[in-house]
Amino acid sequence: MEKILVTGGAGFIGSHLVDRLVEEGYEVKVIDNLSSGSLENLKDHIERKEIEFIKGDLKNKEDCEKSVKDVEVIFHLAANPEVRLSTVRPEVHFNENVVATFNLLEAARSIGTVEKIVFASSSTVYGDAKEIPTPESHEMRPISIYGASKASCEALICAYAHLYGFKAVSLRLANIIGPRSGHGVIYDFIMKLKRNPKELEILGDGTQRKSYLYITDTIDAFIKVMKEFNKTYEVYNVGNKDWITVNEIAKIVVEEMGLKDVKFKYRLTTKDGRGWPGDVKYMLLSISKIERELRWRPKYSSKDAVRMTARALITKILKQ
Ligand SMILES: NC(=O)c1ccc[n+]([C@@H]2O[C@H](COP(=O)([O-])OP(=O)(O)OC[C@H]3O[C@@H](n4cnc5c(N)ncnc54)[C@H](O)[C@@H]3O)[C@@H](O)[C@H]2O)c1
């Protein structure tokens, strides 16, 4: 069985991926600096000694070297995922995403055992897409520093794959949601409504429309790519076939919290009603390529994913 490294494995997506890999019997190592992730997400695996956990930082070269030792597959998920923050603190995203990825690639190159790298990229690399659903062939014109950092990482990974003999894949993820997610619109709405159940502040005009993918569907895509991808380098969009507006999400969250007569208050920071400068207002990815080449397709719609996530997060957050 291959030895697998999950960077950012204590985070939302990473910990679900670790669950699945352990379940399938792989030997799993995790490196995480716990900046946004939590050991709570990996508690059972650590207690049962099912994984090796390294508390380390990819910005530190020695931590990278330690983490890649004897590893054949790397799932690279460690990053600062806050798109909104990236616009006010560009250097954080450059260091956490681009420098960290470069260090990891250098460590992988020098160790010589790594065969495959699967990278968690993002739909934000496209910016305001001219074509919707957006195919992988659409040009990359990111409008946030976060999106730019992901595009930079993709470019580095592509070059390393061609030069140093790895197989590598960049998965351009839509909005991924599910239990344990600690950021994003659903989490944000629940926290706000917990503080004030009479009024909900919505960033932007609420007409932003995007595609949301449930975590189990996402993990299915990661696992399929690990098992079946056999070329030097490819990019795949991973998202849903439908999309949903922020206003619809707000209504679902209100309903699931059992609230009535909640007043929606819109905070407008851009002329065209985006959530914040750098927010992509309309996002729907074409998933024909991954459907055709790897036979992956989502089981849950955006709406179902939002409702299931709202239910799971409400139960957890209201208990705190
Ligand atoms: N959640 C989404 O909707 C979404 C969409 C597109 C892409 N992505 C990407 O998927 C990945 C996982 O996202 P997530 O939502 O699970 O976020 P998350 O914050 O829950 O996970 C990121 C993990 O990386 C760790 N980390 C950050 N910087 C690190 C560093 N320098 N060294 C070691 N560990 C570090 C954090 O502690 C955290 O555990 C990220 O790369 C994110 O950009 C997420």
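Where is Asp-70 found? Asp-70 sits in the loop between α3 (61-68) and β4 (73-76). The model discussed here is predicted.

## Backbone exceptions

Most residues other than glycine have a negative phi, and most peptide bonds are trans.

Asp-70 has a positive phi of about 65°, although it is not a glycine. Asp-70 counts as exposed, because it has 11 C-beta neighbours inside 10 Å and the cut-off for exposed is 12 or fewer.

Lys-49 is not a glycine either, yet its phi is positive, at about 55°. Lys-49 is placed in the loop between α2 (43-47) and β3 (51-55). Lys-49 is exposed, with 7 other C-beta atoms within 10 Å.

The peptide bond from Ile-132 to Pro-133 is cis. Its omega is near -5°. Pro-133 belongs to the loop between β5 (116-122) and α6 (145-164).

## Helix α8

Helix α8 covers residues 215-228, which is 14 residues. At 1.5 Å a residue, α8 should span 20 Å. The end C-alpha atoms of α8 are 20 Å apart, so expectation and model agree.

Which residues of α8 are buried? They are Ile-215, Thr-218, Ala-221, Phe-222 and Val-225. These residues lie on the same side of α8, because they cover an arc of only 120° around the axis. An α-helix has 3.6 residues a turn, so residues three or four places apart point the same way. On the other side of α8, Lys-227 and Glu-228 are exposed.

Conventions
Residues numbered from 1 in each chain as written. Predicted model: local features only at pLDDT ≥ 70, side-chain atom pairs only at ≥ 80, totals over all residues. Helix = DSSP H or I, 4+ residues; strand = E, 2+ residues; numbered from the N terminus. Buried ≥ 20, exposed ≤ 12 C-beta atoms within 10 Å, placed from the backbone. Expected span 1.5 Å × (residues − 1). Arc of directions from axis to C-beta.
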